Amino acid sequence: MADAFLVGGKLNVGKKFQVFKEMVAENESLRVKLPRNISSISWHMAQKSIMAVPCCPVCQKSDYDYGVRELIEWKCCSRCKYGWACAEHHEDYMKEHTKENCNSYIQCSKTELFRYNHTINYGDHFMCMPENPLTVPMESFPKTWEEYFKMRCEEYYNIRHHLPEEFFPVSTFLLSQVTTCLHGMYLHNKEFFTTTKELTIHVLGPGDSYEYKGGSPTCIWEEIMHCLPAVNKMKVIFTGPEGKLNFPLSQFDACPDCNIKGRIRMQGFHDMTYHDYYASDQFVKPDFVVAFNTGIFEEYTESWKESLRVLLSLDVPCLFTSYNENEGDADFGVLEEVHANTLTNKTMPNPFAVNIPLIDDSCIDRFFRCNMYYVCFQGRQTQR
């Protein structure tokens, strides 16, 4: 097992942490030196802290490398304050540290500072929630964030030049979930979704990194009701083993306009795989299924395939997203393996991807965006 510590590089820092975690689980002498009952959240926070350690992109050294005894002198980009490299190779690295990467790091810092300041000043997480329910459905759903904000957040859009530049990009973090759903509904079956009186949505594989991040407010899902005025009752059910939430389907507060009209919004949470949920007595058949940033090609693929077979047998409209095109293509390959009937012959760019870059801790100078690509599918391919 010690051989796992001999290789350098950012990715291997994460591997080293996993090896250490396994060693703790297997070695009683190590366990007694650590606090009892270390929670999964504690491990997650420790891993995030370790993955943030500088790692030289040229020589691949980090402060966690096996055999490194001397302190490494680190230098970063003077403009973005990222772009870390050891002093010996800093100049070589800066030749490859592009302006685009530099700007992405700066945008990451600005958006995180904006969210932090909002929480400190107002005591809650930032959210831009459109408050004007439509009386008739849109003929076509907006094609871009610009069109969406102009139509749905007119009050803020009209004063956009007086707002912080981070206002709208940060707004997309939560809104991307519901706008991606609406985009998919219009693609799958506009007539059904704009006329149905009851709507049930299943959200697969939710987790703390996106759907539940910072205790994401449930009211953001009411925007779907606001854009689909025929819906009188909506159920949103989150199902996934990593969600760590179990809460029966319950009614949540709605906005004043929806309350006056007697509209009902319900949400429920189940910490189990989708195929287990399907087999349970709590199962409610969905009208639409969404899974954000799934990565079904790289983690728990066989379990995902079992859940996908359930979805295909249900023959309901589905939309899965991914962080980038490569992951989207790999996920698309898994869908082909289970003979899913996809609406397109490849993964597609999502016009409602989260509009802020996130730093990829596993690599140097690489970024991703939540819900960057998507694929729509429903039922199985017909036999030819």
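Is F141 buried or exposed? In this predicted model, F141 has a relative accessible area of 4%, and because buried means under 20%, F141 counts as buried.

**An aromatic pair**

A pair of aromatic rings is described by the distance of the centres and the angle of the planes. The structure holds 28 aromatic pairs, and one of them joins F141 to F352, whose ring centres lie 5.4 Å apart and whose planes meet at 65 degrees, so that this pair is edge-to-face. F141 sits in the loop between α5 (99–122) and α6 (145–152), while F352 sits in the loop between β10 (348–349) and β11 (358–359), so the pair ties together parts that are 211 residues apart in sequence. The accessibility of each partner is set out below.

| Residue | Relative accessible area | Class |
|---|---|---|
| F141 | 4% | buried |
| F352 | 0% | buried |

Both F141 and F352 also belong to one aromatic cluster, which includes F114, F126, W145, Y148 and F149 among its members.

**Two packed helices**

Elsewhere in the model, helix α12 (residues 301–314) packs with helix α13 (residues 325–337) at an angle of about 55 degrees, and their axes are 10 Å apart. The two helices, α12 and α13, are therefore oblique to each other, and α12 passes α13 in a right-handed crossing. On the side of α12 the contact is made by T301, K305 and L308, which meet V334, L335 and E337 in α13. Sorted by class, this contact of α12 with α13 has 3 nonpolar, 1 polar and 2 charged residues.

Conventions. Residues numbered from 1 in each chain as written. Predicted model: local features only at pLDDT ≥ 70, side-chain atom pairs only at ≥ 80, totals over all residues. Heavy atoms only, no water. Axes fitted to C-alpha atoms, helices over the stretch in contact; angles between N-to-C directions. Helix = DSSP H or I, 4+ residues; strand = E, 2+ residues; numbered from the N terminus. Parallel < 35°, antiparallel > 145°, perpendicular 65-115°, else oblique. Left-handed = near helix turned anticlockwise from the far one by under 90°. Contact = heavy atoms within 4.5 Å. Nonpolar A, V, L, I, M, F, W, Y, C, P; charged D, E, K, R; others polar. Phe/Tyr/Trp six-rings, centres within 6.5 Å; stacked < 30°, edge-to-face > 60°. Buried < 20%, exposed > 50% of the residue type's maximum accessible area, 1.4 Å probe, protein only.
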